[in-house]
Amino acid sequence: MRFPSPVEYYELEGVPFYLKRDDLIDPRFSGNKARKLHYFLVRDFHINRLISYGSMQSNAMYSLSVLCRDRGWEFLYYARINEKLLLSPLGNLKRALENGMVLRPIEELRVDRKLCSETKLFDDTLFVPEGVRCKEAKEGVSLLADEIIEWARANNVERLNIFLPSGTGTTALFLKESLAERGCSFEVYTVACVGDSDYLKKEFRSLSNSKISPVILQPSVKFRFASLDPRLFEIYMKIKNVCGFEIDLVYDTVGFFTLLENRGLFEGTTLLYIHQGGLLGNESMIARYKAKFGKIAKPFKKDSHAVSI
Ligand SMILES: *Cc1c(COP(=O)(O)O)cnc(C)c1O
């Protein structure tokens, strides 16, 4: 693990921003999942098995498979089975299976809904909710808050706007809470990539009773989760070619789309974007883009605005 994660400086379409490279924390984990799993990585658990559930392409699934392999636990993962994907697994699924994950149909997961929203230890088995959406995730995310405060202090940044896209909202919420608990008033902005803003607000409320929460920005386009959209792929290619780093095709594309639409909010302020990893998942996303839009063109010229599909 590499702490603190490095911070870099970029400009995109005239918008200057710093980039916190949480994707570089540990090549084995998928970005922010290394933060979210910190609690489980540093403690002794006397268990033999970890159970979770979610989608067959999930970054959390892959990161949990690494945790279980390292700790010598059996990893049982419940998902709606897509037979076609199973025949030729890619990205997260391929690597999780290689790590020994046992995949089961979601219908076989017999736990009540209450149990699905928090971590539960029973006998020799630890149950972790979908997307590692649980209170325990706060421990690692609070270290992210510490790193940001320390970076801002070292660079004389007195006011900072932080942006990160949300799935379950766990990272964004716990980051804002941790900053506030340290007396830091940096603002945290996010966008809902799963569901809409109301869904994300509900997620915040179910994770914590505190009144503090990140500011949710709304993109002008309603993107379905992990949808294939030329406007999103264009942002991915542009960042790759103009800035020279790769973003994830599920969360960051919606993140940067929303950030650029709201650029006025950030004018004249210091902006820090949290890169939460997820690049292993790009393999299956690019395969889906190719299947839908045909051959994806080779990287185009610097500053070109052409759509690359
Ligand atoms: C999991 C993940 C997110 C969302 O994190 P939440 O804590 O669920 O909001 C964002 N980006 C990437 C790349 C992820 O893997």
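Me: How many Å is an oxygen atom of the ligand from an N or O atom in the side chain of Asn32?

Reply: The distance is 3.1 Å. A polar contact is a pair of N or O atoms within 3.5 Å. This is a predicted model, where local features need pLDDT of at least 70, side-chain atom pairs count only at pLDDT 80 or more, and totals for chains, interfaces and linings use all residues. Residues are numbered from 1 along each chain as its sequence is written, and side-chain values use heavy atoms, with hydrogens and water left out.

Me: How far are the polar side-chain atoms of Thr168 and Thr171 from an oxygen atom of the ligand?

Reply: For Thr168 it is 2.6 Å. For Thr171 it is also 2.6 Å. The protein covers 98% of the 380 Å² of accessible area that the ligand has on its own. Accessible areas come from the Shrake-Rupley method with a 1.4 Å probe.

Me: How many residues surround the ligand?

Reply: A residue is near a molecule if one of its heavy atoms lies within 4 Å of it. Here 16 residues surround the ligand, and Lys33, Lys36 and Asn59 are among the closest. By class, the shell has two nonpolar, 11 polar and three charged residues. Asp, Glu, Lys and Arg count as charged; Ala, Val, Leu, Ile, Met, Phe, Trp, Tyr, Cys and Pro count as nonpolar; the others, Gly among them, are polar.

Me: Which element gives the largest share of the shell?

Reply: Helices (H or I, at least four residues) and strands (E, at least two) are DSSP runs, numbered from the N terminus. H1 gives the largest share, three residues.

Me: How do I read a sheet? What is the order of the six strands?

Reply: Strands of a sheet pair through backbone hydrogen bonds, either parallel or antiparallel. Two strands pair if DSSP finds at least two bridges between them. The open sheet of six strands runs S1-S2-S11-S8-S9-S10, with mixed pairing. S1 (7–12) and S10 (215–216) stand at the edges with a single partner strand each, so one side of each has no neighbour in the sheet. S1 and S2 (residues 15–21) run antiparallel, joined by six bridges. Val7 has Lys20 in S2 as its bridge partner.

Me: What is the order of the five strands in the other open sheet?

Reply: The order is S5-S4-S3-S7-S6, and the pairing is mixed. Its edge strands are S5 (102–105) and S6 (120–122). S6 and S7 (residues 125–127) pair in the antiparallel sense over three bridges. Lys120 has Phe127 in S7 as its bridge partner.

How values were computed. A polar contact is a pair of N or O atoms within 3.5 Å; within protein, one must be able to donate a hydrogen and the other to accept it, and residues adjacent in sequence count only if both atoms are side-chain atoms.
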